[in-house]
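Dear colleague,

Please find the structure below.

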Amino acid sequence: MTPITPHAATPLLTWASIAAVSVFAIAGEVLIAGAMRNIGDLDLIRARSGLRGAIRAVLASPIFLAGAFCMAFNFFAMLYTLSHVELSLAAPGIASFTYVGNAAAAKVFLRERVNGRRWLATIFVCVGVFMLAK
Amino acid sequence: MTPKMTHKLALNQYLVLLTIIVTASFGDTLLSRGMSQVGPVGLHHLPLLFHALFNLNIILGIILLVGFFGSYMTALSWADLTFVMPATAFGNVLIALLSRFWLHEHLSTSRWIGIFLLTAAVAFVADTPARTPDAVTPGDTLPVPLPDPLAEPVVAL
């Protein structure tokens with residue numbers, strides 16, 4: 001069976017694509033996380049108001065809608081990236097950048113407790129991304 | 001006094017995390033397979049992305065990613081973003097295995113080391129509390145108490 005591989009891209013295009021996907025993902029996830037925290041436990045809402053009530057509660061949040069808008073951009077940027085970059089580089093690369101960015105954004109914007117262990121993990125993630133790019 | 005952080009998850013909550021891992025990994029892999037069949041999309045041919053929506057692999061990938069998104073939102077309603085992200089990062093290992101054995105992509109030694117480091121990073125943060133009780137919503141200036149999940153959801157007019 002012939003291996004299926006995307007067309008090769010320059011390193012600049014590769015990392016610019018990965019960075020763009022990551023930025024949209026970070027913005028979208030932080031906004032959605034804030035919205036879901038504000039809405040409350042979806043399992044409990046679904047148990048009381050049904051699936052329709054849970055969907056209505058989510059869609060009524062403007063913060064969620066802003067996050068979903070960012071995630072839509074993220075999706076098309078992801079499709080564009082996957083047409084140029086191998087999945088084994090794009091997926092971990094995007095996940096790593098998104099993870100580091102989310103940790104910083106969650107601490108700054110959501111006031112989540114990001115302790116020393118989590119910052120140490122970001123160093124591992126950065127080295128891991130470097131190794132992936134070699 | 002530092003507020004107590006909740007960590008213990010119920011079985012169905014672990015299942016939600018597992019669903020996130022599986023749907024994200026297989027969804028991304030199907031999208032990659034589909035885009036490889038569609039071909040490269042240049043900046044001057046962006047409408048080709050809509051053509052990709054008729055590819056079977058892309059359609060299946062989107063269905064899985066819709067499942068991922070629902071599970072992800074559910075998890076974020078009872079856990080921190082910084083808890084859900086690393087807990088689901090194990091999907092990278094699954095993607096690497098799918099890329100190697102299903103898409104037949106080449107994984108060099110350095111990429112395997114990178115994946116190992118990412119997994120180690122996840123292990124660092126996995127055993128931390130799931131929820132910071134005094135976190136805030138974007139736009140707030142001060143920490144606010146968690147809303148009562150049994151209260152009526154606010155519906156915008």
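Over which residues of chain B does pLDDT stay under 50, and how many contacts beyond four places in sequence does the model have for them? The stretch is residues 141-146 of chain B, and the model has twelve such contacts for it. Please bear in mind that this is a predicted model. Its scores are ipTM 0.71 and pTM 0.69. For chain B, the average pLDDT is 74, and 66% of the residues score at least 70.

Chain B contains six helices and zero strands, so that its elements read α-α-α-α-α-α from the N terminus on. The chain has 157 residues, of which 47% count as buried. Among its contacts with a separation of 6 or more, 73% are between residues 24 or more positions apart.

In chain A, one residue was examined individually. A:Thr98 belongs to helix H4, which covers residues 87-109 of chain A. Is A:Thr98 buried or exposed? Its relative accessible area is 4%; because buried means under 20%, A:Thr98 counts as buried. Beyond its neighbours within four places in sequence, A:Thr98 is in contact with A:Ser22, A:Ala25, A:Ile26 and A:Glu29 of chain A, and with B:Met85 of chain B. A polar atom of the A:Thr98 side chain lies 2.6 Å from the backbone oxygen of A:Ile94. Between A:Thr98 and A:Phe24, the C-alpha to C-alpha distance is 9.1 Å, although 74 residues separate the two in sequence.

With kind regards

Notes: Residues numbered from 1 in each chain as written. Chains lettered and ligands numbered in written order. Predicted model: local features only at pLDDT ≥ 70, side-chain atom pairs only at ≥ 80, totals over all residues. Heavy atoms only, no water. Helix = DSSP H or I, 4+ residues; strand = E, 2+ residues; numbered from the N terminus. Buried < 20%, exposed > 50% of the residue type's maximum accessible area, 1.4 Å probe, protein only. Contact = heavy atoms within 4.5 Å. pLDDT = per-residue confidence, 0-100. Polar contact = N/O pair within 3.5 Å; in protein donor to acceptor, adjacent residues only side chain to side chain.
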